[in-house]
Amino acid sequence: MTELYPNNQRVLYLIICAAPPAQDTRDFIVLAQAAGWDVCVIATPQATRFIDIAGLVDLTGHPVRSDYKLPGEADPLPKADAMVVVPATFNTINKWVLGIGDTLAVSILCEGLGRGTPPIVAVPYLKADLAHHPAFYKNIALLRECGVRILYEPEKYPSPLMVPWEVILDELDKMVQFP
Amino acid sequence: MSETPQQKPGVLYVIVCAAGPANHVQDFVVLAQSAGWDVCVIPTPHAVSFLDVPLLTRLTGHEVRSEYRKSGASETLPPCDVVVVVAATFNTVNKFALGIADTRALTILSEEFGRGRPVLVVPCVNQHHLARHPAFLKSLATLREWGVHILYNTNKYPPRNDVPWEVVLDTLHQALEQ
């Protein structure tokens, strides 16, 4: 069993898009680490402006990736047992569904969707106006159909609120349990 | 001559893409202002090189910027009443229809559309080339179905839909009266 979870840790890819909660993802990382997750951060290029990259490298012990590696270069991150995209923006959600992999973050999400593993949780964060764009709810429905766990409760957590970090972590813990 | 619309004009967001008409978008700004609109110009990143940004800033009295604001900085434009996308490129039309908002212009366009603001799109797409790409006509049909106003008549304005600014403004006013 230890070979499944080396160091008794599950690997979580935390995919961060460019929206205000990106600034607080450090809190989520600390919480996830305490629950036994080895967290690796992947940010969209726009999201790198919202996070303290050096601080997150120190905290996670992994490089923070936002760009593609060169051909032949080894993947600097361990294999993921789960992925969470939070905050997931309108843009990244729609690109993910459409297969427009022009950022590393979207490419990794597309690969995950194609492979059907590991489990993926998405936590959309967008202004109420954007949620009314017809492309958004169509694409959210499609992701649900593909088995992506969508945590989006605008009635309970209206913008600028988001589903709390604890709820997101609970969901991940339910999806990927220690053997 | 452009007729002043029935309702009192308010704030008009002019989203401008990187195509020929962007070169003289200041003429449209002046025309819309003379009809009473408070005009804000929002270029896509590639459109910036087509524009005289200091002139447009002076003319409109608003910041002309293609990049997203820094996190934490507040928005400087007044709230919008109507949006017109001029020199709308193949790229921006398709992205808008698909919900891809990877430029400030597209994000604002998608937000204002989501909020229910009237939107007029005036494509600048050559009828013999990109307009024949199946994605383009599909995008126009999708946008029309959603209630977006489209001014694209390459029979009348060949080959790229080079619509005179007066016609753009008239069409906008007609759309608002509907």
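**Reading the sheet of chain B**

Q: Which residue of β5(B) stands opposite V121(B)?

A: In β5(B), V121(B) has I150(B) opposite it. Strands are DSSP runs of E with at least two residues, helices are runs of H or I with at least four, and both are numbered from the N terminus. This is a predicted model, in which local features need pLDDT of at least 70 and side-chain atom pairs count only at pLDDT 80 or more, while totals for chains, interfaces and linings use all residues. Residues are numbered from 1 along each chain as its sequence is written, and chains are lettered from A and ligands numbered from 1 in the order in which they are written.

Q: How many bridges join β3(B) to β4(B)?

A: Two strands pair if DSSP finds at least two bridges between them. Here β3(B) and β4(B) run parallel and are joined by four bridges, with V85(B) opposite V121(B) of β4(B). From β4(B) the chain crosses through helix α5 (residues 134–145) of chain B to β5(B), in a right-handed β-α-β crossover (with the strands pointing away from the viewer, the path from the first strand over the helix to the second runs clockwise). Strand β4 (residues 119–123) of chain B pairs with β5(B) in the parallel sense over two bridges, and L120(B) has H149(B) as its bridge partner there.

Q: What is the order of the strands in the open sheet?

A: The five strands of chain B, with parallel pairing, follow the order β2-β1-β3-β4-β5. The edges are held by β2 (38–43) and β5 (149–150) of chain B; each has a single partner strand, so one side of each lacks a neighbour in the sheet.

Q: Which residues of β4(B) are buried on each side?

A: In a regular strand the side chains alternate between the two faces of the sheet. A residue is buried if 20 or more other C-beta atoms, placed from the backbone, lie within 10 Å of its own. On one side of β4(B) the buried residues are V119(B), V121(B) and P123(B), and on the other they are L120(B) and V122(B). Five of the five residues of β4(B) are buried, so this strand is largely enclosed by the rest of the structure.

Q: Where do the buried residues of helix α1(B) lie around its axis?

A: In helix α1 (residues 25–34) of chain B, the buried residues are V25(B), F28(B), V29(B) and A32(B). They lie on the same side of α1(B), because they cover an arc of only 105 degrees around the axis, taken from the directions from the helix axis to the C-beta atoms. Just after α1(B), G36(B) has a positive phi of about 100 degrees.

Technical notes:
Buried ≥ 20, exposed ≤ 12 C-beta atoms within 10 Å, placed from the backbone.
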